[in-house]
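Trainee: I am new to this structure. Please show me how to read it, one feature at a time.

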Amino acid sequence: MQRSITEDVVIPEGSEIKPNLNDHTLTNKEGHTITNYGTLIIMDSVENGTFTRSDEKSTSSMAGGENSCSVLVNHGDMHIYDDAAVTIEGMVSPLILNGWKTSGESSADSSPDSSTDKKAILNIEGGLFSGGKENIDNRYYGYVYIYGGTFQEGASDSILNYNVLQIENGRFSTKSEKKRYGIKQF
């Protein structure tokens, strides 16, 4: 990126996007910062680039206000590398939503066709993930592979997992007052 921008980005199926944050910030305008249906490879060659939410209105993990969305929503193939940061002050929506919230979602723009092998695949090589109800919410048809990174300040858990999760390395902490664990598996 040549400058910081405010925009809701949708990556269509069949597209491959490799944004280099280049020490800049991509902030959402109204909805999710990025919704990915294609292939998204996130990196930052300068080490200070950030994906974040703009006008977050949640005041607790139960009170979302009028503007609570995830920073990244993945329904495709997403790769995040060492120097990227994904942050949110909010406590209601997950920082990153990978997959679909229900196995039977019928919305044409978000539901996988049950007759195909569609998957939401998230590969994390490193980076900083801070805030949200969970740092990562891995749902139906979601596959998360974590090889490193720092996952912190989730209001509930660092990771909420409903499908396939593989962790080889990383640091996980939560700010939950209920003394929850960093990773919750269903």
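Mentor: We go from strands and sheets to the core, then to charges and backbone angles.

Mentor: First, the ground rules. This is a predicted model, where local features need pLDDT of at least 70, side-chain atom pairs count only at pLDDT 80 or more, and totals for chains, interfaces and linings use all residues. Residues are numbered from 1 along each chain as its sequence is written, and side-chain values use heavy atoms, with hydrogens and water left out.

Trainee: How many helices and strands are in the chain?

Mentor: Helices (H or I, at least four residues) and strands (E, at least two) are DSSP runs, numbered from the N terminus. This chain has 0 helices and 20 strands.

Trainee: What is the order of the strands in the open sheet of 7?

Mentor: Start with pairing: two strands pair if DSSP finds at least two bridges between them. Here the order is E2-E5-E8-E11-E14-E17-E20, with parallel pairing. Strand E2 (9–11) and strand E20 (183–185) stand at the edges; each has a single partner strand, so one side of each is left without a neighbour in the sheet. On average, neighbouring strands of this sheet are turned by 10° against each other, direction ignored. For that angle, axes are lines fitted to C-alpha atoms, for helices over the stretch in contact, and angles run from 0 to 180 degrees between N-to-C directions.

Trainee: Over how many bridges do E5 and E8 pair?

Mentor: Strand E5 (residues 34–36) and strand E8 (residues 72–74) pair over 3 bridges, in the parallel sense. Isoleucine 34 stands opposite leucine 72 in E8.

Trainee: Which strands stand at the edges of the open sheet of 6?

Mentor: That sheet has the order E3-E6-E9-E12-E15-E18, again with parallel pairing. Its edges are strand E3 (16–17) and strand E18 (164–167), each with a single partner strand, so one side of each is left without a neighbour in the sheet. E3 and E6 pair over 2 bridges. Glutamate 16 has threonine 39 in E6 as its bridge partner. E6 and E9 pair over 4 bridges. In E9, histidine 79 is the bridge partner of isoleucine 41, and isoleucine 80 is the bridge partner of isoleucine 42.

Trainee: Which way do the residues of E6 point?

Mentor: Check burial as well: buried means under 20% relative accessible area, exposed over 50%, partly exposed in between (1.4 Å probe, protein chains only). Thr39 and Ile41 point one way from E6, Leu40 and Ile42 the other way, and all are buried. Across the chain, buried residues make up 47% of the 186 residues.

Trainee: Which residues touch the most other members of the largest nonpolar core?

Mentor: In soluble globular proteins, nonpolar side chains tend to be buried together. A nonpolar core is a set of buried Ala, Val, Leu, Ile, Met, Phe, Trp, Tyr and Cys residues joined through side-chain atoms within 4.5 Å. The largest one here has 24 residues, and Phe51, Leu72, Ile80, Ile96 and Ile136 touch the most other members. Strand E6 (39–42), strand E9 (77–80), strand E12 (120–124) and strand E15 (142–146) each supply at least two residues of this core.

Trainee: What does isoleucine 96 touch?

Mentor: Contact means heavy atoms within 4.5 Å. Not counting residues up to four places away in sequence, isoleucine 96 touches Leu72, Ile80, Val86, Leu122, Phe129, Asn135, Ile136 and Asp137.

Trainee: How many salt bridges does the structure hold?

Mentor: Side chains of opposite charge can pair when their charged atoms come close. A salt bridge is a side-chain nitrogen of Lys or Arg within 4 Å of a carboxyl oxygen of Asp or Glu. The structure holds 2. One joins glutamate 16 and lysine 18 (3.4 Å, N to O). Glutamate 16 is partly exposed at 49% relative accessibility, and lysine 18 is partly exposed at 49%. Aspartate 137 and arginine 139 also meet in a salt bridge (2.6 Å, N to O). Both aspartate 137 and arginine 139 are buried.

Trainee: Where is asparagine 22 placed?

Mentor: Most residues other than glycine have a negative phi. Asparagine 22 has a positive phi of about 50°. Its place is in the loop between E3 and strand E4 (25–27). Tyrosine 141 also has a positive phi, near 65°, and lies in the loop between strand E14 (134–138) and E15.
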